[in-house]
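Here is a guided walk through a two-chain model, written to be read with the structure open beside you. Take your time and turn the view as you go.

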Amino acid sequence: MVYDDGSDPLTAPRTSGTEGRDGFPDALKVLVAGGFGVGKTTFVSTVSEIEPLSTEELLTTVSEATDSLEGIEGKSTTTVAMDFGRLTLDERHVLYLFGTPGQERFWFMWDELSDGALGAVVLADTRRLEDCFSAVDFFERRGIAFVVAVNEFDGSYRYEPEEVRAAVDLKPEVPVVLCDARVPGSGIQTLVTLVQYLLTQTPAPAPAPSHGAHS
Amino acid sequence: MAPPALPQDGPWLDDAAGRLVRPYTVINGRTRPSAPLDLLSMVVPTGAVSVAHMGPEHTQALGLCGAGPTSVAEIAAQLRLPAVVTKVLLSDLVDCGALTAKAPTFRHHPTDDQSLLEAVLDGLRRRL
């Protein structure tokens, strides 16, 4: 094996401060979520330093028991495309932005995508605010920190962030910002808000027992 | 078995039909990489092993790794192959010593690492 250490690379704990010493940058992940057509791809592509890329995951899905075709396995393979972009922060840190698949039936994928993510940006369109509810629910349930960014579409009524907060029923500490996904500076400012928010969060009191880590 | 002649560098593509070799044919129907790779695992060529015998997709995948560390996701996108297929190709290259791989550091409590967050914040602000 030519892994950089002898242990399982997916579970091996790494000590903070050693990143980059082996020549590998630390790959970080932020998710960009929201309803269909809310501007996730635009957000990712304007912030990314590379042409936005798309990768496909092949997924085996077991369909709901709505079909009555006896004897036929309700199992199919689906291809889901994920847009992503890259932002090199410094020689040791590279941030990847992943646009999450919009369709809710692909949400089981989010588990893999959200694993180890720093946080998330939930894009909201005030004309269809309800489209972001499920993303908000997902991140709240998983304990993943997120900011809500109201994408300002031309022709949409301008709401105050506090109005959006009330409508989505967000916790008071969750930042709500206005952004224009077409403007790189606006997207980066949204990410700045997310990281500032993360910095205000108190560290987790103890490692989760399931990880078996010692403090 | 003599290795087949491989005149072209990339996958066998047709303008109208697209890729002429089905994705899973490239990896002989395997669906699991031999090494655990995440979309954000970083790979870097060792430069030590020739992979000419492994086929055009392996050669192309190795070529896309470039000189510096590259993420699995980026290679998958450039290859235009599903991530699972790409992971199998790359794990072959890890197994034969052509690539070194490093898994991403997953942070289940990112707020614990204030110095990391400060570094991310500084990096973002430099882009404003």
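In helix 5 of chain A, the buried residues are Ser186(A), Gly187(A), Ile188(A), Gln189(A), Thr190(A), Leu191(A), Leu194(A), Val195(A) and Leu198(A). Buried here means that 20 or more other C-beta atoms lie within 10 Å of a residue's own; 12 or fewer makes it exposed, anything in between partly exposed, and the C-beta atoms are placed from the backbone. Helices (H or I, at least four residues) and strands (E, at least two) are DSSP runs, numbered from the N terminus.

Before going further, a word on what you are viewing: this is a predicted model, in which local features need pLDDT of at least 70, side-chain atom pairs count only at pLDDT 80 or more, and totals for chains, interfaces and linings use all residues. Residues are numbered from 1 along each chain as its sequence is written, while chains are lettered from A and ligands numbered from 1 in the order in which they are written.

Back to helix 5 of chain A, which has 17 residues and reaches 25 Å from its first C-alpha to its last, close to the 24 Å expected at 1.5 Å a residue (the expected span is 1.5 Å times one less than the number of residues). What covers its buried residues includes strand 1, helix 1 (40-47), strand 5 (119-124), strand 6 (146-151) and strand 7 (176-179) of chain A, together with helix 5 of chain B.

Look at helix 1 of chain A next: its axis and that of helix 5 of chain A come within 8 Å and cross at roughly 95°. Helix 1 of chain A is therefore roughly perpendicular to helix 5 of chain A. Axes are lines fitted to C-alpha atoms, for helices over the stretch in contact, with angles from 0 to 180 degrees between N-to-C directions; under 35 degrees counts as roughly parallel, over 145 as roughly antiparallel, 65 to 115 as roughly perpendicular and the rest as oblique. Phe43(A), Thr46(A) and Val47(A) of helix 1 meet Pro184(A), Gly187(A) and Ile188(A) of helix 5 of chain A, where contact means C-beta atoms, placed from the backbone, within 7 Å.

Now for the meeting of the two chains, to which chain A brings 45 residues and chain B 43 residues. On the chain A side, strand 1 (26-34), strand 2 (53-62), strand 3 (75-90), strand 4 (93-99) and helix 5 (184-200) each supply at least two residues. Helix 5 of chain A gives the most, with nine residues.

Chain B has five helices and five strands, and buried residues make up 45% of its 128 residues. Its helix 3 (residues 72-79) and helix 4 (residues 83-95) pack at an angle of about 110°, with their axes 9 Å apart, so helix 3 of chain B is roughly perpendicular to helix 4 of chain B.

Where does Arg107(B) sit? Its place is in the loop between strand 5 (99-102) and helix 5 of chain B. Arg107(B) counts as buried because it has 21 C-beta neighbours inside 10 Å. Leaving aside its neighbours within four places in sequence, Arg107(B) is in contact with Gly116(A), Leu118(A) and Asp113(B).

Finally, consider confidence. Chain B averages a pLDDT of 82, and 81% of the residues score at least 70; pLDDT is the predictor's confidence in each residue, from 0 to 100. Over residues 1-9 of chain B, pLDDT stays under 50. The model scores ipTM 0.79 and pTM 0.79.
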